[in-house]
Amino acid sequence: MDFIASALGVNLRVLRATEPCTGLKRLIVVGAPEGLSLPADLHLVLLIPYQFDDRNASRQKAWIEPGPLPVFGEYRGWARHDGVPWRYRDHESHSPFQVRQEGATTLIELGFDPLGPVFRWLARVEETRPEFREAARAASSAGSWMAAHKVVDYPWIDRLLQFLQNLLDLRSDAAGAPVCMPRWPKNHRWAVCLSHDVDMLYKWRARSVLHLLLRTPLYAMSTRWRRLATEWREVIHCLRGGRDPWFLVEEMADLEEHWGLMSSFLFLAESHDHQTYRYHVSRTQVNELLTRLKERGREVALHAGWYTMGDRARLQDERALIERLSGDRITVVRQHWLRCDREQTWQDQELSGLTVDSSLGWNDSPGYRAGTGLPFYPWNLTSRRAHELLEIPLVLMDSQLYDEMKLEAHEALESSHRLLDLTRRTGSLLTINWHPHVLCREDFPDRRDHYQHLLQQIAEGNAWVAGLGTVGEHWKRRERYRRGGRQLT
């Protein structure tokens, strides 16, 4: 309920079944508490059944429009009610809730439990199961019943929040003032978080030049001699002190500044991973890049290396290195390859002084791994409390579309447009990760144009746009105000 209260922007006061409900205008009743006394001056009561039955967690029973909004576990559909909009019916003759009047009080009773599934998805209970654990560590949707049922294609929790907001009539109170806090600053209806994992900075290193030497005879005897000539020109240009064709971080910043947008750049402190040598962050050219980004007001964050999963000391060392070189306090992190152990990584990040993570996403496809694009505090199943670390789910990456799904340019554009539209319609947050080196048209011909198109759509769509650190600070500040501010009365 705490996440729902935060996302809706209301302050819930928790009452026991035996406590009086005097002075309240709206009341949410969870389960079927005995002896509940409802005062006559209540404006609205929402009755939510509670069926936290893990056996039903993976059985999707029905879809409710709009969304679709999936209903898990046991489900009761009431006969059609003329006051229920068509978009909240799962069938021509059935409604997922019923409305009745008791004096001046409107009683709304849900036919399904939304709280159990929301908790399971945000707590990532599925990822603690042995059959899915390894896929989750690799951030792969393979083996996930969520992906198999296409549930991850929709921000279903964000749809649910809209559903509850409408049922609770949170638009305004008797004086016409909004009951709920706005979700995003300056009256923006939706938001986008732009981020960039700086995985590669150099195309031409000793190993890649050696590979070029070895394939030169083969290329020279084929039709790829034009490509060969281009690559040798790049190498010679680099040897003469020119910029490497993948050293494009500042060019990425220029594209965003053209539209007045800001973002985060996440740098690796680990030069070698399981695949290749990436770059050394203490190299003079990289260190100077960090300085220039800081001068431009850009957020610099940590892209925690492959081997930091399960190694807190290594994670702390990498954070300290980026912090020392950038001159800023580093509080934001994303795990390399999204490698995140549900039961350990968040705790390691928290104990390392990091306060915002954005590793919860898929490597092989875009989507909503937690069912939402909104920030939340993950639940610690061991201590049975929420982490103090804020999770900002990652929804879209260029590598998902082009490297993993092998989409054509028009298909990739269509996929990103769908995510933008879902975010706009649900008032949610779309977190994007676009790697700077893919702006190189010679090696990634479609991705620069795709990203420029995305920036234009975002700017013209009047979204609130910020980097990971700014989004995290906004959400925490809003949460502090909510907890100390208005109550849902």
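Student: Which residues are linked in a network of salt bridges here?

Tutor: Asp254, Glu256, Glu257, Arg296 and Arg298 are linked in one. A salt bridge is counted when a side-chain nitrogen of Lys or Arg lies within 4 Å of a carboxyl oxygen of Asp or Glu. Keep in mind that this is a predicted model, where local features need pLDDT of at least 70 and side-chain atom pairs count only at pLDDT 80 or more, while totals for chains, interfaces and linings use all residues. Residues are numbered from 1 along each chain as its sequence is written, and side-chain values use heavy atoms, with hydrogens and water left out.

Student: Okay! How many salt bridges are found in the whole structure?

Tutor: The search finds 30 of them. One of them joins Glu256 to Arg298, with the closest N and O atoms 2.7 Å apart. That pair links distant parts of the chain, 42 residues apart: Glu256 is in helix α8 (residues 249-258), and Arg298 is in the loop between α9 (284-295) and β11 (299-304). As for the labels, helices (H or I, at least four residues) and strands (E, at least two) are DSSP runs, numbered from the N terminus.

Student: Is Glu256 buried or exposed? And what about Arg298?

Tutor: Glu256 counts as buried, at 0% relative accessibility. Arg298 counts as buried too, at 3%. Buried means under 20% relative accessible area, exposed means over 50%, and partly exposed is in between (1.4 Å probe, protein chains only).

Student: What does Arg314 pair with?

Tutor: Its side chain meets that of Glu270 in a salt bridge, at 3.7 Å from N to O. Arg314 lies in helix α10 (residues 312-326) and Glu270 in the loop between β10 (264-268) and α9, so this pair ties together parts that are 44 residues apart in sequence. Arg314 is partly exposed, with a relative accessible area of 35%, whereas Glu270 is buried at 8%.

Student: And which residue meets Asp328?

Tutor: That would be Lys294, again in a salt bridge of 3.7 Å, N to O. Asp328 sits in the loop between α10 and β12 (332-335) and Lys294 in helix α9, so the parts they tie together are 34 residues apart in sequence. Asp328 is partly exposed at 28%, and Lys294 is partly exposed at 40%.

Student: Switching topic: how many disulfides does the structure hold?

Tutor: It holds 0, where a disulfide is a pair of cysteine sulfur atoms within 2.5 Å. If you want to look at cysteines anyway, Cys180 is buried, with a relative accessible area of 12%, and Cys440 is buried at 4%.

Student: Now helix α5. How many of its residues are buried?

Tutor: 10 of the 13, so α5 is largely enclosed by the rest of the structure. Among the buried ones are Trp156, Asp158, Arg159, Phe163 and Leu168.

Student: How far apart are its end C-alpha atoms?

Tutor: They are 18 Å apart, which agrees with the 18 Å that its 13 residues (156-168) should span at 1.5 Å a residue. The expected span is 1.5 Å times one less than the number of residues.

Student: What lines the second largest cavity?

Tutor: 13 residues line it, and Met1, Ile4, Leu8, Ile28 and Leu168 lie nearest its centre. By class, the lining has 13 nonpolar, no polar and no charged residues. Here Ala, Val, Leu, Ile, Met, Phe, Trp, Tyr, Cys and Pro count as nonpolar, Asp, Glu, Lys and Arg as charged, and the others, Gly among them, as polar. α1 gives the most to this lining, with 3 residues.

Student: What counts as a cavity, though?

Tutor: On a 1 Å grid over the protein atoms alone, it is a set of points where a 1.4 Å probe fits but cannot get out. A pocket is an open set with protein on both sides within 12 Å along at least five of seven lines, and lining residues have an atom within 4 Å of a point.

Student: So which residues are closest to the centre of the second largest pocket?

Tutor: Met200, Gln275, Thr276, Arg278 and His437, out of the 31 residues that line this pocket. Its lining divides into 8 nonpolar, 11 polar and 12 charged residues.

Student: Last one: where is Ala104?

Tutor: Ala104 is in the loop between β7 (97-102) and β8 (105-110), and it counts as exposed at 59% relative accessibility. Its C-alpha atom is separated by 7.0 Å from that of Asp41, 63 residues apart along the chain.
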